[in-house]
Amino acid sequence: MVNFVDLQKPLLYRLMKLAGVIPYTVELEPGTKMNFWIPKETLKKNKKSDKNFAVEPQKPTKPVLLFIHGFAAEGIVTWQFQVGSLAKKYSVYIPDLLFFGGSYSDNADRSPAFQAHCLVKSLRILGIEKFTLVGFSYGGMVAFKIAEEYPEMVQAMVVSGSILAMTDTISESNLNQLGFKSSADLLLPTSVKGLKTLFTLAVHKPMWFPKRLFKDFIEVMITNRKERAELLEALVISNKDVTIPRFQQKIHLLWGESDQIFNLEFAKSMKE
């Protein structure tokens, strides 16, 4: 049976290529790879080069924007509408975090710090020295970790619907408020009802989709369930282990007034 979400991917990929970004896989080490969408011009072949020779990415010539997705979908699905708007003035890079899209690692580390380390290592391979970060939800927590540990690379940040770290108190309070026993129950739905609930919480004005489309979305987008559940477990830290870094970058918090997962009070507290 045809999966309609999967069927739309080739069209999305063609549109993204027209907008100026193309897929590229960075192998960090045996067993660990990250998929990216990178500026098309950084992979131009030299006319004199061997046609069979693999092309290495060149350093970008425009200011670099790095977009880090959240838990609901892979990178290009999350950020597709930003590419066309920004690719002409900026070098846009959109990764799939580990266990999303085609990115994978056999390393047992599931922490945001490991995601951050792999992203930065990939960016260095791609010839990137400095960039501006845009992080959403889970991707915002990874972005904060990058800014904390690699301040010399991060020029500025935009963070939306995210917090510095998921403490056990915040996690328990949020789950109780939303009516879920665990983050996996919320973010890794196995049923159409569960996915509809997540969509209702996550978007400002939910749109109607046929039941079949929700089923197809679960099949295509919510993969690597075991590893993603482990990512959620590794996200929660004890209150006593929380430290607030002295960020050197300018940080812009972009928030929805009706955000039901991380409400506006979280943003105000972070700003303070």
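**Why those labels?**

Reply: Let's start with Asn-224, which is partly exposed, with a relative accessible area of 26%. Keep in mind that this is a predicted model.

Me: What makes Asn-224 "partly exposed"?

Reply: Buried means under 20% and exposed means over 50%, so Asn-224, at 26%, falls in between. Asn-224 sits in the loop between helix H8 (211-221) and helix H9 (225-235). Its phi is near 50°, a positive value in a residue other than glycine.

Me: Phe-99 has a positive phi too, of about 80°. Is Phe-99 buried or exposed, and how do you know?

Reply: Buried: its relative accessible area is 1%, and the cut-off is under 20%. Look for Phe-99 in the loop between strand S4 (91-95) and strand S5 (104-105).

Me: And why is Leu-7 called exposed?

Reply: Because its relative accessible area is 53%, and exposed means over 50%. Leu-7 lies in helix H1 (residues 4-19). Together with Val-2 and Phe-4, Leu-7 forms a nonpolar patch on the surface, with about 280 Å² of accessible area.

Me: What about the inside: how many residues are in the largest nonpolar core?

Reply: That core has 65 residues, and Leu-133 is one of those with the most contacts inside it. Helix H4 (residues 138-149) gives the most to this core, with 7 residues.

Me: What makes Leu-133 a neighbour of Ile-146?

Reply: Contact means heavy atoms within 4.5 Å, and Leu-133 touches Ile-146, along with others including Leu-66, Ile-68 and Val-158.

Notes:
Residues numbered from 1 in each chain as written. Predicted model: local features only at pLDDT ≥ 70, side-chain atom pairs only at ≥ 80, totals over all residues. Heavy atoms only, no water. Core = buried A, V, L, I, M, F, W, Y, C linked by side-chain atoms within 4.5 Å. Buried < 20%, exposed > 50% of the residue type's maximum accessible area, 1.4 Å probe, protein only. Helix = DSSP H or I, 4+ residues; strand = E, 2+ residues; numbered from the N terminus. Patch = residues over 30% accessible without salt bridge, like charges linked within 9 Å, V, L, I, M, F, W, Y side chains within 5 Å. Areas by Shrake-Rupley, 256 points an atom, 1.4 Å probe, with all protein chains shown as cover. Salt bridge = Lys/Arg side-chain N within 4 Å of Asp/Glu carboxyl O. Lists of a residue's contacts leave out its neighbours within four places in sequence.
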